[in-house]
Amino acid sequence: MNSYFQKTTHAAPLAVFRIALGLLLFGSIVRFWSKGWIDQLYIQPKYFFSYYGFEFVKPLGEFTYVIFAICAISALLVAIGLYYRAASVLLFLSFTYIELIDKSTYLNHYYFISMICLMMIFLPAHAYFSFDAVRNKKVSADYIPKWCIDSIKVFVCIVYVFAGLAKVNSDWLLEAQPLRIWLPAKNDLPLVGWIFNYTWVAYVFSWAGCLYDLSIPFLLSNKKTRLFAYIAVLIFHVLTAILFPIGMFPYIMIATALIFFSAEFHKKIIERLARLIRIPKNVLALNKAYAFNSATTSKVLIIAFVLFLCVQVVLPMRHLIYPGELFWTEQGYRFSWRVMLMEKAGSAQFIVKDSEGKAVAVDNTKFLTALQEKMMSTQPDMILQYAHMLRDYYAGLGFKSPQVYVDSYVTLNGRLGKPLIDSKIDLAKETDTFSHKPWILSFNNEIAGF
Amino acid sequence: MTLSKEYRLRFLVVFATIVMMSCGGGNSEPSPADNGKDRQVILAHWVDNIVLPSYDNFKVKFDVMKTKADVFKQTPGVPALVEFRTAWVEAYLEWQKVELFEFGPADQTTLRNFFNIYPTDVAGIGSNINDPTVNLNLPASYARQGFPALDYLINGVASTDDQIVMFYTNATEGAKRIAYLSRIVDRMNTLITNVISGWPSYREAFITKTGLDIGSSFGLVTNAYVLYYERYIRSGKIGIPSGATIATGGSVNPDKVEAYYKKDISLSLAQAAHTAARDFFNGKDVITGVEGPSFKSYLDALGSKDATSGTALSVIINQQFTKISDKLNGLGNNFSQQVQNENQPMLDTYAEMQKLVRLLKVDMTSAMSITITYTDNDGD
């Protein structure tokens, strides 16, 4: 074991990864900004759904643009490897801060990026082919500890495998849900659209997607199958980019998968880049291994990374300790690489009453954006948060200790809708915890699988 | 992972089927063009065989009303008033068959705001009569025009027909009053004419935007349709008068019924609107009466059904439409009296309508995969 952590490998793969990550994130921010989503998602809304334990993360009004600017600039600095440590810390903090503002914008790939950025802070990704390496000979190295690259590979494996395991369920494999609903919506695509009229296509896509997720990290790891695997990566993610509104995610995964390629492959990329910007070859060949500040630093980092990866394995399985159907209650659903698994929609009519006989039916559009309302109406923890917002709002209007009830109705993967929350429960009195929420009504149906 | 024996077997069967299908292809199935999932066919059917003929039918009735209104304007008298009123009832009933088309030209004009916002603003009508140049486009004017304002002006200004005629023949005020009456009718004529003439140039864009995203025609129509049923049939016609909505605090509002001053047509208006909504769901051709491409045919083509009972979603929705029709049939002609004398049947009707709203708003839109926002989404 000890000898494994002594092993070194060429720094080129991590340098390429750093450049790709920085540029793609910069592109993501520019895209996000230009579509007006900063305003739409973080400035326009009157209320925000904070994460449990992160209530101190507040929207910043117009200052939100500054956060995005910081995020974009630090992404560029990471790409070119200038002031890398500071830039990577800022990138992680600014990106994560944005994601923590509102639960209704949660996407698994944002969480993926946050976690990757967190790891990147501590990895010597600036040792090679970076401005820092040119400016500071102490940092400069062309060999780095092997575990530095392997930790990213392991993390990517965890992501794919759990995404695959999540698809091993009866809705996905036996009913081809929700693809059976989503694919016909794309039947007006030029050339290929007609194929989505066939139900069997949804089955093929479901099974292929599941097998893809479960096998791709291993096929990428193995030298013999790597090229084939990468072609599969390209086809799979380009297809998802065409079919679903998932933004930059496909391109980020296409770039990330490169990390599995050999050092020789990445050296060639770097050499090409170097020739392009006229950097002499001797800058790249140093024959020097990167050293952490001290042996203790190195040990602490290794322990921290092992712990981090263990947490990443445990987190997606935490739903096992909750009773009830995961897709219905969503207790333990987030941060678990459960992507594209549910067509879930609902409506939630809130009623606020007080002891003096005041009563009002809440118009959700006065409090929430369309996106927030859509997310809230199917997710119990957000329903509770919203109920508390309403409680406080109507208390401010003179309601005496307001009671909040919800008449909810949710459909999941084509099942006829039914109430999600017990309409007799006063949500104003319930508190949000990590323990099971007994006021979520039973699903009364089975989705077999992991 | 827990898997019962039954599920293990089912996984195996589906897996084997897929392997065979992937190898053998599925070319023996019917061509996708005629299996009902072509949204362009539905959009074209909506425009050509439902929306436009419905507008034409309405325009015929409306023109009759306008003619009668002009006669009344020229020679105010009880016979002219009675004929005007009859034509108004006919036109109002026909309006119920087009109010749901608040998309495209009607949406740009916000036609409903100028045709059917009630209860009408009696005091506002009074002040508008005295100010012939008042801007009728402003939101404050919505409830001072359209069918509800006419309802007041030809049924509500006095208790007998003789007195109503005298309201318009009054030596000092009559001319202003009849001018306002006439202004409203002319304005309605201009608006509906604009909407109808706006369709031919909009048609092409309408039927080619075949997506299901927020700007698509299918999305527009679905949202307008569901909103109409929820807000203007369920709440407007039944919920608010009966106090079924919490917003009314549970107390009845006999003065907030549709056609309050005419008194005896609130049921027929509600029935006409409900039937129009149902016919639209089923794609009933307005001229031939035959069902065509529609929400129903699309849901059937998608195979949308309740997973537990196996019943098709379109059947469940139609059953709910029938339940509501039955409830409506049990109500009296005059909702204003109904809510005061026996409100429970109104509340029961509302409850059934609420169930339908959910089926349309949640189950139907989810089954059709209609998106509501532009932003990225990974389906969770």
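Let us begin with a charge and a ring: Arg187(B) lies over the face of Phe114(B), at 4.6 Å from the ring centre. Please keep in mind that the model is predicted. The table sets the two side by side.

| Charged residue | Ring | Distance to ring centre |
|---|---|---|
| Arg187(B) | Phe114(B) | 4.6 Å |

Over all chains, the structure holds 73 aromatic pairs. One of them joins Tyr4(A) and Phe5(A): the centres are 5.1 Å apart and the planes make an angle of 75°, an edge-to-face pair. Tyr4(A) has a relative accessibility of 24%, so it counts as partly exposed.

Trp147(A) and Phe292(A) form another pair, and this one is stacked because the planes are at 20°, with the ring centres 6.1 Å apart. Where in the chain do Trp147(A) and Phe292(A) come from? Trp147(A) belongs to helix α8 (residues 146-167) of chain A, while Phe292(A) sits in the loop between α14 (263-276) and α15 (295-314) of chain A. The two are 145 residues apart, and the pair thus links distant parts of the chain. Both Trp147(A) and Phe292(A) are buried.

That brings us to α8(A) itself. This helix has 22 residues and reaches 32 Å from its first C-alpha to its last, close to the 32 Å expected at 1.5 Å a residue. Of its 22 residues, 17 are buried, so α8(A) is largely enclosed by the rest of the structure.

A helix in chain B can be looked at in the same way. Helix α11 (residues 266-282) of chain B has 17 residues, which should span 24 Å at 1.5 Å a residue; its end C-alpha atoms are 25 Å apart, which agrees. Twelve of the 17 residues of α11(B) are buried, so this helix too is largely enclosed by the rest of the structure. Among the buried ones are Leu267(B), Leu269(B), His274(B), Phe280(B) and Phe281(B). Just after α11(B) comes Gly283(B), with a positive phi of about 70°.

Back in chain A, helix α4 (residues 64-80) is the place of Ser74(A). Is Ser74(A) buried or exposed? Its relative accessibility is 2%, so Ser74(A) counts as buried. A polar atom of its side chain lies 3.1 Å from the backbone oxygen of Cys71(A). Leaving aside neighbours within four places in sequence, Ser74(A) is in contact with Ala87(A), Leu90(A), Leu91(A) and Ser94(A).

Our last stop is a set of strands in chain A. Strand β3 (residues 344-353) is mostly covered, with seven of its ten residues buried. Which strands does β3(A) pair with? With strand β5 (residues 403-412) of chain A, it pairs in the antiparallel sense over ten bridges. Lys344(A) has Leu412(A) in β5(A) as its bridge partner. Three bridges join β3(A) to strand β4 (residues 359-361) of chain A, and these two strands run antiparallel as well. Here Lys353(A) is partnered by Ala359(A) in β4(A). The hairpin of β3(A) and β4(A) has five residues between the strands, and in it Gly357(A) takes a positive phi near 90°.

Methods:
Residues are numbered from 1 along each chain as its sequence is written. Chains are lettered from A and ligands numbered from 1 in the order in which they are written. This is a predicted model: local features need pLDDT of at least 70, side-chain atom pairs count only at pLDDT 80 or more; totals for chains, interfaces and linings use all residues. Side-chain values use heavy atoms; hydrogens and water are left out. Helices (H or I, at least four residues) and strands (E, at least two) are DSSP runs, numbered from the N terminus. The expected span of a helix is 1.5 Å times one less than its number of residues. Buried means under 20% relative accessible area, exposed over 50%, partly exposed in between (1.4 Å probe, protein chains only). Rings of Phe, Tyr and Trp (its six-membered ring) pair if their centres lie within 6.5 Å; planes under 30 degrees apart count as stacked, over 60 as edge-to-face and the rest as tilted. A charge sits over a ring if NZ of Lys or CZ of Arg is within 6 Å of the ring centre and within 35 degrees of the ring normal. Two strands pair if DSSP finds at least two bridges between them. A polar contact is a pair of N or O atoms within 3.5 Å; within protein, one must be able to donate a hydrogen and the other to accept it, and residues adjacent in sequence count only if both atoms are side-chain atoms. Contact means heavy atoms within 4.5 Å.
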